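Welcome to this short tour. Open your viewer, switch to a cartoon display and keep the selection tool at hand.

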Amino acid sequence: MNALDVYCSTSTAEAFSNSIGEAMSCGVPVIATDVGDSASIVDKTGLIIASNDLDGLSQGLSNLWKGTEWRNDLSQRARQRVVEEYELNQVLNRYLQTFCKIMGS
């Protein structure tokens, strides 16, 4: 995954895409369709396009190829986002908080 220049997730349906998180953790900028949690995962560290939007995908890829500095910035922010938001202890603590709320303690 870390050998990629860009990762494209063109799903038409998705839940939480682990592959998007994996690409981001390797510092690979992501273009993803706006399905499932993709937009939430990527946030402002990549590009989100409508599902089945081939023109949007083409334009996004073109923009990323032209803007090396911008692409590098997205790469760094993508890696940072995964570390800050989806690191295992962060996720475990969120589950624990949710379960405590449900149980009333």
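**Stop 1: helix 1**

Select helix 1, residues 18-25, where Ile 20, Gly 21, Ala 23 and Met 24 are buried (buried means under 20% relative accessible area, with a 1.4 Å probe and protein chains only; helices are DSSP runs of H or I with at least four residues, strands are E runs of at least two, and both are numbered from the N terminus). Now look down the axis of helix 1: the buried residues fall within an arc of 160 degrees, so they line one face of the helix; the arc is taken from the directions that lead from the helix axis to the C-beta atoms.

A word on what you have loaded: this is a predicted model, in which local features need pLDDT of at least 70 and side-chain atom pairs count only at pLDDT 80 or more, while totals for chains, interfaces and linings use all residues. Residues are numbered from 1 along each chain as its sequence is written, and side-chain values use heavy atoms, with hydrogens and water left out.

What do the buried residues of helix 1 pack against? Show strand 1, strand 2, helix 2 (38-42) and helix 4 to see their partners; contact means heavy atoms within 4.5 Å. Then step just past helix 1 to Gly 27, which has a positive phi of about 75 degrees.

**Stop 2**

Select the strands next: they form an open sheet of 3 strands in the order 1-2-3, with parallel pairing (two strands pair if DSSP finds at least two bridges between them). Strand 1 (7-9) and strand 3 (47-49) are the edge strands, each pairing on one side only. From one strand to the next, the twist averages 15 degrees. Zoom in on strand 2 (residues 30-33), joined to strand 3 by 3 bridges; Ala 32 has Ile 48 in strand 3 as its bridge partner.

**Stop 3: helix 4 and its neighbours**

Bring back helix 1 alongside helix 4: the two pack at an angle of about 120 degrees, with axes 7 Å apart. Axes are lines fitted to C-alpha atoms, for helices over the stretch in contact, and angles run from 0 to 180 degrees between N-to-C directions. Here Gly 21, Met 24 and Ser 25 of helix 1 meet Ala 78, Arg 79, Arg 81 and Val 82 of helix 4.

Display Asn 63, Leu 64, Trp 65 and Lys 66 of helix 3 with Thr 68, Trp 70, Arg 71 and Leu 74 of helix 4, which make the contact.

Note on methods
Buried < 20%, exposed > 50% of the residue type's maximum accessible area, 1.4 Å probe, protein only.
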